[in-house]
Structure formats: C-alpha cells, structure tokens
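User: I have a structure open and want to go through it. Can we start with the strands?

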Amino acid sequence: MRMQARIVQAALVSSALLLTACAHNPESVRVAGVTTLSGNGVAGAVDGKGTESRLNRPHGIGFFPEGRLVVADRGNHLIRSIDADGTTRTLAGGGKAGFSEGAAGQALFNEPIAVATDRRGNVFVADRNNHRIRRIWPDGHVTTLAGSGEAGFADGPAHKARFNQPYGVALDDAEVTLYVADYLNHSIRQINLLSDEVGTLAGNGKAGFADGAGGKAAFNQPYNLRNDGHGGLIVPDQNNHAIRRVGMDGTVITLAGSGKAGFADGRGREAQFNNPTGAVAMADSQVFVADRNNHRLRHIAPDGTVTTLAGNGEASFVDGSLAAARFNRPLDVVERDGKLFVSEENNHRVRVIVP
C-alpha cells in the first residue's frame, strides 16, 4: 500500500478512536503528526527540557541502548544527549573547535557530524574537521579510534590511517566493524575494532555515480550511513541525489534517485531527491529519508516506490499534522518504537514524527 494511503487511513482510524476512547484512556491513542522534542529555533548551547534547550545545527543522531537519544551538535562542537521527555544535556566537548583527548568536558571536537553507539554504551563520533573517528567511553573519557588528523586517503593501522572529512559512522551487528562514510574521499571505509586496521569497503576516492563491487563503485560525497539490519548499509549519496545500499561484501546498488537534484515521487530512478543526508531502514525494509534541500521526509517502499511523508518543500517551521508540518533542512532520521526522530539544521531542533 502506498505510504500516502496509509497516512490517510491512519488519520481516519485515529480520529474515530479519539471520539470513542479518549475519555477512557487518552494515552493509548497515537495520532500521526510532528512535534518538537528539543530546541527552540535559536542557535545556542543550552541544556534544559524541551524548548528551554538550545542546539546549533544538530546533525547525526542515534540511540543509547536504554533509549536516550545522542546528537552530534555540529555548530556547538559538542555531543549532546536527549531523554524521552526532551531533557537535553551535554555529554562531551568543551564547546569550541579544536582537538584534545581527555575527560568529557575537557575534550575538544571540530564539527562532530555523526554518531553511533554500541551495546556497552560507547559512542563513536565522526569528527569532521579533525579527520578522525573518536570514541566516548561510558565514563565520558574521549579518545581517538582512527585517523592521523591529517586529511588524506590511506588504509592501514588505525593511528596512521587517513580520512578526508568523515561524515557517518555505523556498526555491524556483531559490533566488531565500524563503517565510515568518508565524504571527500567518496568512499565507504571500515575499521576492524579487534585489529585496529582501516580498510576501504567501496568507492575509489574519486567522485562518480556507479553501482558495482568495491573499487568499481563510485559515490559523490556520501553524507551518512546506517546499518539496515539485513546485511547492508544504507547510504545517502548527497551529490548523486540518490539512496544507495552497500552490502557488507562491498557490492553497491542504487535504491532510488535519478542522479540529478530535483523533487519527484516515483519508483527507483524515476524519483528525485535534493541533497539527501540521512536515512534509516525499518525491519520490513522500508526506508525513510531526510531529503535536506527539499525540506521533506521521504519514504521508500520495499519495491523502490518513493513517496513524501511530511513537508511541502517550503523551508519553514510548523509542528502539527503530517500534511501541515514544515521543515528547514532536515538532516538525519532514526527510528525507535515506531516513531521517527529527525535532526534539523536550520531550525536547530530535534523533531519527532509519528507516521
């Protein structure tokens, strides 16, 4: 069933339930729509609850095992956490651009742009302008996992390896390999967490648009990546305006997107995106996409059909129904308990979508 039809059906069912059940148990009714979890639209670094807090260009997001959200707060050079009630706290970082290791409040990042967590509570950070992958240990201590700090393209021992603006991090199911979207190297890299060796999974260091295996595949500024739960990685390929899938064997295919910037719903390569920057796969192989420059959240069905979930293309801010909601450069999207969580660059917020 097409996503738009599902939305209409869900809205009708929700309305009927509200008329008959809200007096008995209003908490049991889930109504489709968009709300704000954290941030008030003003750029800043303020801890607090809900709209009392401030973020500055929040980018990559993820979840701790117990359900707390973790955010790469790029403009503040911080890693933040957000509780289910919207309470926002600073997890690590000194609040200014730089590089240093150490205790949470003393460590420095330089535009951290993506995060991934493991089952033990470690946070892995793509530290963009430091050209490094950092680790925040459960006690808050920050160290470098991989990267020499010098921009380049080199595999090998983690401390000698080179990245060029890493933009995404994701773990495999066994949590022994960390995958990296290496933005300006146009490649997907991998770090073996047991041997501390860095290798290249797919891409060849040159911008292009080609499916294939390993070095025969080509990307153009892969912005992020996420484990799809089915033996692959979902990659928003920003300047190819496409959503790609990379198998753990390095085989790359295009799920949707024509290769040209635009806006069009449709199937597979008939669809158009404009600088997609975040994507998450569901257990049933549906994919949701943060379509940044279209100011929309898009949906890719398992058969490759692309529809629009929320947003009308206008750069604005509106909470409310799926039809009424407006976004201003949504950047990343994750899912938990049937809800989508979206980081939003120009509204400096984290939003929640109930599809």
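User: How do strand 4 and strand 5 pair, and over how many bridges?

Analyst: This is a predicted model, where local features need pLDDT of at least 70, side-chain atom pairs count only at pLDDT 80 or more, and totals for chains, interfaces and linings use all residues. Residues are numbered from 1 along each chain as its sequence is written, and side-chain values use heavy atoms, without hydrogens and water. Strand 4 (residues 69-73) and strand 5 (residues 78-82) pair in the antiparallel sense over 5 bridges. Strands are DSSP runs of E, at least two residues, numbered from the N terminus, and two of them pair if DSSP finds at least two bridges between them.

User: Which residue is the bridge partner of A72 in strand 5?

Analyst: I79.

User: What order do the strands of that sheet come in?

Analyst: The order is 2-6-5-4-3, in an open sheet of 5 strands with antiparallel pairing. Strand 2 (48-49) and strand 3 (58-63) are the edge strands, each pairing on one side only.

User: New topic. What is the volume of the largest pocket?

Analyst: About 750 Å³. A pocket is an open set of points on a 1 Å grid over the protein atoms alone, where a 1.4 Å probe fits, with protein on both sides within 12 Å along at least five of seven lines; lining residues have an atom within 4 Å of a point. The volume is the space filled by probe spheres set on the points, which are joined across faces, edges and corners.

Key. Helices (H or I, at least four residues) and strands (E, at least two) are DSSP runs, numbered from the N terminus.
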